[in-house]
Amino acid sequence: MSETENLVLILLREMRAEMTTRRAEMTSMRVDMVTKRDLADVNSRFNYLAADVASDLLNMEKRLGDQIFSLRRAVTDYHGATIGHGVLISEFEERLRRVEQHLNLGAS
């Protein structure tokens with residue numbers, strides 16, 4: 001009977017060792033699965049973030065383009081107005097010079 005008990009003990013020990021090995025393998029597989037799932041989640045979030053940033057950049061580019069257009073128009077209007085005023089002032093100065101010459105006022 002002792003040989004049978006020894007055989008059973010040996011088999012139980014082998015089963016225990018094999019179960020420990022299988023548990024370690026399963027734990028490793030779970031870690032790998034979690035890691036792959038985490039990587040997929042990070043990749044998904046990264047893609048979403050990239051799309052969000054691209055959308056924000058397009059909106060910003062459009063707003064910036066509108067602001068540049070408005071600024072360009074304001075500068076053009078300003079230049080047009082100042083050139084117009086410059087012409088008026090130069091015409092006024094020329095006219096004043098003729099009046100001074102006509103009245104013999106001379107330069108003071």
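Student: Which residues are linked in a network of salt bridges?
Tutor: Glu18, Arg22 and Glu25 are. A salt bridge here is a side-chain nitrogen of Lys or Arg within 4 Å of a carboxyl oxygen of Asp or Glu. Keep in mind that this is a predicted model, where local features need pLDDT of at least 70, side-chain atom pairs count only at pLDDT 80 or more, and totals for chains, interfaces and linings use all residues. Residues are numbered from 1 along each chain as its sequence is written, and side-chain values use heavy atoms, with hydrogens and water left out.

Student: OK, how far apart are the closest N and O atoms of arginine 22 and glutamate 18?
Tutor: 3.8 Å in that salt bridge. Arginine 22 also meets glutamate 25, with 3.2 Å from N to O.

Student: Is arginine 22 buried, partly exposed or exposed?
Tutor: Partly exposed, at 44% relative accessible area. Glutamate 18 is partly exposed too, at 45%, and so is glutamate 25, at 38%. The cut-offs: buried is under 20% relative accessible area, exposed is over 50%, and partly exposed is in between (1.4 Å probe, protein chains only).

Student: How many salt bridges does a search of the whole structure find?
Tutor: It finds 4. One of them joins aspartate 41 to arginine 45, with the closest N and O atoms 3.4 Å apart. Those two are 4 residues apart in helix α1, about one turn. Aspartate 41 is partly exposed at 36%, while arginine 45 is exposed at 58%.

Student: Switching topic: what's the secondary structure of the protein chain?
Tutor: There is 1 helix and there are 0 strands. Helix α1 covers residues 2–102.

Student: What does the C-alpha trace span along its principal axes?
Tutor: About 150 × 25 × 5 Å. The radius of gyration is 45 Å, whereas a compact globule of 108 residues would have one near 13 Å. That radius is taken over C-alpha atoms, and the globule rule is 2.2 Å times the number of residues to the power 0.38.

Student: What share of the 108 residues is buried?
Tutor: 0%. The chain exposes about 10500 Å², with carbon and sulfur atoms supplying 62% of that. Accessible areas come from the Shrake-Rupley method with a 1.4 Å probe, and for residues only the protein chains shown count as cover.

Student: Which residues make the nonpolar surface patch?
Tutor: Val8, Leu9, Leu12 and Met15, making about 350 Å². Patches are made of residues with over 30% relative accessible area and no salt bridge; like charges are joined within 9 Å, and nonpolar side chains (Val, Leu, Ile, Met, Phe, Trp, Tyr) within 5 Å. Valine 8 is partly exposed, at 42%.
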